[in-house]
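The sequence and the coordinates are shown first.

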Amino acid sequence: MSMSIIKPPTDARPLVLCAEDHGELRLDICDELREAGYAVIEAADGDEALEQIDNLAAPPDLILCDINMPGRNGYQVLETLRDDYPSLADMPFVFLTALSDSRDVIDGKRLGADDYLSKPIDYDLMLATVEARLRQVRRIREQTNREFDTLRQAMNELRRKASRQGFESTLRALDLVSPGLVLIDENGHALFANRQARQLICQANGLRLERTLTAFGGDRARELRGTLRTALKASQAGEETVSCLRLARPGERRDLLVLACSLPKAQGSDPSEPAAVILLADPEQRARLPQQVLANLFGLTPTEARIALALAEGKRSEDIAAQLSIAATTVAFHLRNLFQKTDTHRQADLIALVLSGAMSVSLEED
């Protein structure tokens, strides 16, 4: 079945793709989403869902996907997205399922599912989940944009500073940027790697940094070389681009995330100037978010920030009450305030938000 390019809505409504083989249920879900103000694209099975994505002029903001569908099931749709669509790595994916076996939930989480909604669908919970997931992505993207702005300012500072002392001072500042960061010149030679990059570039992650950044293994090495080559070519053309790559790692760990950002160069510029920035992130590393940073991000009181961090560390409400020498009812009171201030609805969403913030901020407590 041939499909023309689907134009996204002309307004700024988030676009949700709903993949569900049961026609009546799919219609009800889509009606609820449209009434809540979302733009909606429908798919009757996994193959049609992927075809819709390929033919959209812009990708969906979130996917609701049934697990048990004829042909390509929900697990296979998610696996295809994570393997073949790296640019959609931060798009929320929510399973719709009638399955009750916790093993099914675990399998989906390992593939990268963000949440589950059980059938019969509670539509209030569905809308709250969609809203929370989209809000969380917006926050992470805003934080990422702020980090990119900081990075661009640092690059501009590098160009302005003629002295070696100024150059080294700026490089030391880049050690505070949360992702692993490698600067390369127009020949692909490494100029600088910050502290986080030096920790991530190791044999356990299948990476090596000598004169250039390389990956072990034929396929991985070719993928990384191609990504770097694309960034350097864009730099020479005076273009600013971002290329995404997921590098499989030995064992059962989640893929290492790689972003190659070109730095447009003017004709006649110094060949030794940075031509691209390589950002490395490990989804399994969860840095502890400093309490004051968390409080500033969401306007929390010191007690609220301590409770949020304790939840992220896996502590139960009664353990937190004992640790802070307060009553369990007081912990519950602070939790209600936390949900309100962070726009979350469940402890799981609150914990995910705290952990995502920890991935975005790299400040060490002495």
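## Burial and overall content

A residue is called buried when its relative accessible area is under 20%, exposed when that value is over 50%, and partly exposed in between. Ser325, at 66% relative accessibility, therefore counts as exposed. The model discussed here is a predicted one.

The chain contains 13 helices and twelve strands. Of its 366 residues, 45% are buried. The accessible surface of the chain comes to about 18,700 Å², and carbon and sulfur atoms account for 49% of that area. Among contacts between residues at least 6 apart in sequence, 57% join residues at least 24 apart.

## The parallel sheet

Strands of a sheet pair through backbone hydrogen bonds, in either a parallel or an antiparallel manner. Five strands of the chain form an open sheet with parallel pairing, in the order β2-β1-β3-β4-β5. Its edges are β2 (39-43) and β5 (115-118), each of which pairs on one side only. From one strand to the next, the twist averages 20°.

Within this sheet, β3 (residues 62-66) and β4 (residues 93-97) run parallel and are joined by four bridges. Cys65 has Phe95 in β4 as its bridge partner.

Helix α1 (residues 23-35) lies across β1 (15-19), β2, β3 and β4, and runs at about 165° to β2. Helix α2 (residues 46-55) also packs on the sheet, where it touches β1, β2 and β3; its direction makes about 135° with that of β2. At the start of α2, a side-chain oxygen of Asp45 comes to within 3.2 Å of the backbone nitrogen of Asp47. The buried residues of α2 are Gly46, Ala49, Leu50, Gln52, Ile53 and Asn55, and their cover includes β1, β2, β3 and α3.

Helix α3 spans residues 74-84, and its residues Gly74, Tyr75, Val77, Leu78, Thr80, Leu81 and Arg82 are buried. The N-terminal end of α3 is capped by Asn73, with a side-chain oxygen 3.1 Å from the backbone nitrogen of Tyr75.

## Strand β6 and its antiparallel partners

Strand β6 (residues 180-184) runs antiparallel to β12, and five bridges join the two. In these pairs, Leu181 is the bridge partner of Leu279 in β12, and Val182 that of Ile278. Strand β6 is also joined to β7 (residues 190-193), by three bridges and again in antiparallel fashion. Here Leu183 stands opposite Phe192 in β7. The hairpin of β6 and β7 has five residues between the strands, and Gly188 in this hairpin takes a positive phi near 85°.

In a regular strand the side chains alternate between the two faces of the sheet. Both faces of β6 are covered, with Gly180, Val182 and Ile184 buried on one side and Leu181 and Leu183 buried on the other. Because five of its five residues are buried, β6 is largely enclosed by the rest of the structure.

Strand β12 (residues 276-281) is mostly covered as well, with five of its six residues buried. Besides its pairing with β6, β12 is joined by six bridges to β11 (residues 256-262), and the two run antiparallel. Ser262 has Ala276 in β12 as its bridge partner.

## Helices α11 and α12

Two packed helices are described by the angle between their axes and the distance between the axes. The axes of α11 (residues 317-324) and α12 (residues 328-342) come within 9 Å and cross at roughly 110°. At their contact, Ser317, Ile320 and Ala321 of α11 meet Ala328, Val331 and Leu335 of α12.

Most residues other than glycine have a negative phi, and most peptide bonds are trans. Ser325 has a positive phi of about 55° although it is not a glycine. This serine, Ser325, is found in the loop between α11 and α12.

The bond from Lys119 to Pro120 is cis, with omega near 0°. Pro120 lies in the loop between β5 and α5 (123-160).

Conventions:
Residues numbered from 1 in each chain as written. Predicted model: local features only at pLDDT ≥ 70, side-chain atom pairs only at ≥ 80, totals over all residues. Heavy atoms only, no water. Buried < 20%, exposed > 50% of the residue type's maximum accessible area, 1.4 Å probe, protein only. Polar contact = N/O pair within 3.5 Å; in protein donor to acceptor, adjacent residues only side chain to side chain. Pairing = 2+ DSSP bridges. Contact = heavy atoms within 4.5 Å. Areas by Shrake-Rupley, 256 points an atom, 1.4 Å probe, with all protein chains shown as cover. Axes fitted to C-alpha atoms, helices over the stretch in contact; angles between N-to-C directions.
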